[in-house]
Amino acid sequence: MGRHEQREQIFRLLFQVEFHASEDMPRQMRLFVEDSREIRTQQEADLIEARCQAVRDKITEIDKLIDDNTEGWKTNRMGKVELAVLRLAVYEICYDDDIPASVAIDEAVEIAKTYGQENAGGFVNAILGKIVKTGE
């Protein structure tokens with residue numbers, strides 16, 4: 001499984017965060033991995049679960065950063081797809097030194113275009129661009 005596919009699986013798992021209680025997420029992650037046809041090895045499953053958990057551990061900081069870089073849109077008003085995409089991308093930009101910001105943004109825009117509403121790619125791109133530009 002390539003990095004794009006891994007990122008897409010992590011996004012799908014993060015999307016579920018909005019629909020389940022925090023204490024239910026470990027079980028939901030296991031069920032997601034068990035039911036996924038795309039995740040073929042335990043190594044892939046472990047990587048996806050670990051990355052999702054790492055993002056979840058930073059959600060408060062990530063959401064504040066998103067809120068600080070939007071006008072008229074706060075995380076509690078955003079579409080769930082866009083929010084999950086933004087959370088993953090902000091995590092990659094701020095906490096993962098192995099992923100260049102430009103790659104995180106490009107991948108986020110592609111996922112937003114695939115799963116989000118019509119203007120989701122532009123919306124995600126604008127917020128992430130501002131975060132990178134302000135250097136936060």
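Visitor: What should I know about the model first, and from which number are residues counted?
Guide: Welcome! In this predicted model, local features need pLDDT of at least 70 and side-chain atom pairs count only at pLDDT 80 or more, while totals for chains, interfaces and linings use all residues. Side-chain values use heavy atoms, leaving out hydrogens and water, and residues along each chain, as its sequence is written, are numbered from 1.

Visitor: How much space lies in the largest cavity?
Guide: A cavity is a set of points, on a 1 Å grid over the protein atoms alone, where a 1.4 Å probe fits but cannot get out. By this rule there is one cavity of 30 Å³ or more. Volume is the space filled by probe spheres set on the points, which are joined across faces, edges and corners. For the largest cavity that space is about 50 Å³.

Visitor: Which helix gives the largest share of the lining of that cavity?
Guide: Lining residues have an atom within 4 Å of a point, and here they include Arg7, Phe11, Val85, Leu88 and Ile111. Helices are DSSP runs (H or I, at least four residues), numbered from the N terminus. Helix 1 (3–15), helix 5 (80–95) and helix 6 (101–115) each supply at least two lining residues. The largest share, four residues, comes from helix 5.

Visitor: How are helix 1 and helix 5 oriented to each other?
Guide: Their axes, lines fitted to C-alpha atoms over the stretch in contact, are 9 Å apart, and the packing angle is about 125 degrees (on a scale from 0 to 180 degrees between N-to-C directions). Angles under 35 degrees count as roughly parallel, over 145 as roughly antiparallel, 65 to 115 as roughly perpendicular and the rest as oblique. Helix 1 and helix 5 are therefore oblique.

Visitor: How many residues of the contact of helix 1 with helix 5 are charged?
Guide: Contact means heavy atoms within 4.5 Å. Among the residues making this one are Arg7 and Phe11 of helix 1 and Lys80, Val85 and Glu92 of helix 5. Asp, Glu, Lys and Arg count as charged, Ala, Val, Leu, Ile, Met, Phe, Trp, Tyr, Cys and Pro as nonpolar, and the others, Gly among them, as polar. The contact has eight nonpolar residues, no polar ones, and its charged residues number three.

Visitor: Which residues of helix 2 does helix 1 meet?
Guide: The axes of helix 1 and helix 2 (residues 25–35) come within 10 Å and cross at roughly 140 degrees. On the helix 1 side are Gln9, Arg12 and Leu13. Their partners in helix 2 are Met25, Gln28, Met29 and Phe32.

Notes: 1 Å grid on protein atoms, 1.4 Å probe; cavity = no way out; pocket = protein on both sides within 12 Å on 5 of 7 lines; lining within 4 Å.
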